[in-house]
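Try each task before reading its solution.

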Amino acid sequence: MNEYNQYVTAVNKIFDYLAKMKAGWNNLDNLNYIETIEEYKQIVAQKAEEFKKESPSAEVTNPESLEALGDD
């Protein structure tokens with residue numbers, strides 16, 4: 001699974017859990033906190049699209065650190 005899929009899976013789990021908590025709770029304070037978090041859902045979705053557009057070739061690797069891993 002690539003990093004984008006891991007990110008999307010984690011975000012979906014978070015908002016799924018929030019929906020379950022919202023359905024199960026009747027405390028107004030907790031429901032307000034959940035609604036406040038849910039306001040960020042659109043922003044998170046937009047960032048996921050940006051994350052998806054990033055190419056793997058844009059990643060910077062440090063050859064020295066990779067070389068050190070082989071020195072076992």
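Predicted model: local features only at pLDDT ≥ 70, side-chain atom pairs only at ≥ 80, totals over all residues.

Residues are numbered from 1 along each chain as its sequence is written, and side-chain values use heavy atoms, with hydrogens and water left out.

**Exercise 1.** State how many helices and strands the protein has.

Solution. Take helices as DSSP runs of H or I with at least four residues, and strands as runs of E with at least two. The protein has 4 helices and 0 strands. From the N terminus, the order is α-α-α-α.

**Exercise 2.** Classify how α1 and α2 are oriented to each other.

Solution. Locate helix α2 at residues 28-38. Its axis lies 10 Å from that of α1, at an angle of about 155 degrees. Angles over 145 degrees count as roughly antiparallel. Therefore α1 and α2 are roughly antiparallel.

**Exercise 3.** Find which residues make the nonpolar surface patch of about 310 Å², then classify Tyr17 as buried, exposed or partly exposed.

Solution. The patch is made by Tyr17, Met21 and Trp25. Patch residues have over 30% relative accessible area and no salt bridge; nonpolar side chains (Val, Leu, Ile, Met, Phe, Trp, Tyr) are joined within 5 Å. Tyr17 lies in α1, residues 3-24. Its relative accessible area is 48%. Buried means under 20%, exposed over 50%, partly exposed in between (1.4 Å probe, protein chains only). So Tyr17 is partly exposed.

Notes: Patch = residues over 30% accessible without salt bridge, like charges linked within 9 Å, V, L, I, M, F, W, Y side chains within 5 Å. Areas by Shrake-Rupley, 256 points an atom, 1.4 Å probe, with all protein chains shown as cover. Salt bridge = Lys/Arg side-chain N within 4 Å of Asp/Glu carboxyl O. Axes fitted to C-alpha atoms, helices over the stretch in contact; angles between N-to-C directions. Parallel < 35°, antiparallel > 145°, perpendicular 65-115°, else oblique.
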